[in-house]
Amino acid sequence: MKQFFNVILAACLLLGLHACTDETIGVSITDGVSSIIEDSSFVITGHSVRNDRVQMRTTTKMLGVLQAEGFGQLTAEAVTAWMPAVSIDTTGTSAEMIDSCRLKLRIPYSNGFTGDSLAPMRLNVYRLSQPLPSPIYSDFDPTDYYDSSDLLASEPYSPLSGWTEVAQSYVSGTLAYDTVRVISVPMPVELGRELFRTYKSDPSIFSSPKRFSSIFPGIYITNSYGSGHVLNIKATELDVHYRQHAQKDDGTDTIYSQTQSYLASTPEVVSDNIIHYNVDDAITSMVNSGEAMVVAPAGYEVQVRFPIQDIIDKYRANIGNNQSIINTLSLTLPVSVPVTEYNIQPPTYLLMVKTSMKDNFINGDSLTNNKNSFYALYDAKAQEYVFTGMRDYIINIINNQGGIATEDDFNFTITPVDVTTYTYQQSYYYASTTVVTKISPMVSRPAIARLLLDKAKIKITYSKQIVD
């Protein structure tokens, strides 16, 4: 029985080796010596390029003005269309029973801003006069899309001026909590009444963002006074507060105070961060001296040349006519953090994508495929990014291009991004699974890092079976 088991095990190992082979080299293996080889003798080169016009494709918004030594001056404004409520509660109430409406700006409870939390600042909210264009970019000029006389609100604000709110939602049956700070901006009560009357007269106007934009194209939010911080606004909505006639269980009349969200900024509608970034002299000096700098938002990215042909050639020369399998290919990218006012940190994520595909990737709302695009999470303790899962990239060139890399295969762009994930519970007995749902240009906060390309480590590991 033991002998039979050993025969079966040997057969399975041979089948597994054949199934995982990257190149069919040599003849069937009858006997030989296996070895695992690790090679990190390759060099990556690159340079900084300005990236001041990006298509945001995100509901996250930045607002404020920040002057930070070592970073520069960042001014952030926002425009957004609206997703209207499918239905508005009209039972037992009327336009005249609407008492107030408020624009709610939700920022993360922690890391919801960069700068001085006590700096006095003021925001203005304007009503747009025409629908926003699509696509829309960070250098958008709103001048022709609003009238300065159509001011909806002007309100002092700071990161700590709002109240704390715990929102809850169900994700695949799991209750999730999210703690935020809410900055509440009073809006004209007549706006709420106008929206109520519009819905009463023709509910179909609220059936889609496109139809709704014909009567309310959106808003423009700008900083009108002060500097010292920029906010990271996760969500924007318009809440209407009203009174409603109803009957108690005993049949007596009463009036309840109610609140309904009439409008919200969602991924389905056009929105944009308008970014103006004046680069600090220190960054300009580093870029001019050849340093590889990434700066967000709408700052700098790095174009690199990845030595894929050198890797393939050395791999092939080493394996000769022996059977082999590539196990991993990775890039470890150390960084240094420039000294800046407010201790601005590196981007949370970096995207590495073939330069020829970068615009289509960002504009097309793509996800990484580990063949021509990859992303890495910043490790603050090690001060590095590690791009793993690059095996499919080299295997594709070996198997589909005869091992000959094109110019397109060498050139990559490394740029700061925000990565949105979705976590769900597979079942009661299994651990949760997290998947990436969106990758977009980074606008969650200011960020800066110097990529130490001269200390980067490209590592390939592969197994080789020496044929007797």
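**Figure 1. Helix H7 and its buried residues.** Tyr393, Ile394, Ile395, Asn396, Ile397 and Ile398 are the buried residues of H7, where buried means under 20% relative accessible area, with over 50% called exposed and anything in between partly exposed (1.4 Å probe, protein chains only). This is a predicted model, so a few ground rules apply: local features need pLDDT of at least 70, side-chain atom pairs count only at pLDDT 80 or more, and totals for chains, interfaces and linings use all residues. Residues are numbered from 1 along each chain as its sequence is written, and side-chain values use heavy atoms, with hydrogens and water left out. H7 spans residues 391-400 and holds Asn396; helices (H or I, at least four residues) and strands (E, at least two) are DSSP runs, numbered from the N terminus. Asn396 counts as buried because its relative accessibility is 17%. Not counting residues up to four places away in sequence, Asn396 touches Lys371 and Gln401, a contact being heavy atoms within 4.5 Å. After H7 comes Gly402, with a positive phi near 65°.

**Figure 2. Ser48 in strand S2.** Zooming in on S2 (residues 45-50), we find Ser48. With 13% relative accessibility, Ser48 counts as buried. A polar atom of the Ser48 side chain lies 2.6 Å from the backbone oxygen of Glu291, and one lies 2.7 Å from the backbone nitrogen of Met293. Leaving aside neighbours within four places in sequence, the contacts of Ser48 are Val287, Glu291, Ala292, Met293, Tyr300, Glu301 and Val302.

**Figure 3. Arg127 and its partner Glu194.** Arg127 belongs to strand S8 (residues 121-128). Its relative accessibility is 13%, so Arg127 counts as buried. The side chains of Arg127 and Glu194 make a polar contact at 2.9 Å; that term covers a pair of N or O atoms within 3.5 Å where, within protein, one must be able to donate a hydrogen and the other to accept it, and residues adjacent in sequence count only if both atoms are side-chain atoms. Beyond its neighbours within four places in sequence, Arg127 is also in contact with residues including Tyr146, Asp150, Leu152, Leu191, Ile215, Phe216 and Gly218. Asp147 sits 20 residues away along the chain from Arg127, with 7.8 Å between their C-alpha atoms.

**Figure 4. The largest pocket and its lining.** The volume here is about 1200 Å³. On a 1 Å grid over the protein atoms alone, a pocket is an open set of points where a 1.4 Å probe fits, with protein on both sides within 12 Å along at least five of seven lines, and lining residues have an atom within 4 Å of a point. Of the 41 lining residues, Thr58, Thr59, Thr60, Thr420 and Lys438 are the closest to the centre. Strands S10 (163-171), S11 (174-187), S23 (411-425) and S24 (432-441) each supply at least two lining residues, and S23 gives the most, with six. By class, the lining has 14 nonpolar, 19 polar and eight charged residues.

**Figure 5. Zooming back out to the chain.** The protein chain has eight helices and 26 strands. Of its 468 residues, 48% are buried. Among contacts with a separation of 6 or more, 79% join residues 24 or more positions apart. The chain exposes about 22400 Å², and carbon and sulfur atoms supply 50% of that; the areas come from the Shrake-Rupley method with a 1.4 Å probe.

Definitions and conventions:
Points joined across faces, edges and corners; volume = space filled by probe spheres on them. Nonpolar A, V, L, I, M, F, W, Y, C, P; charged D, E, K, R; others polar.
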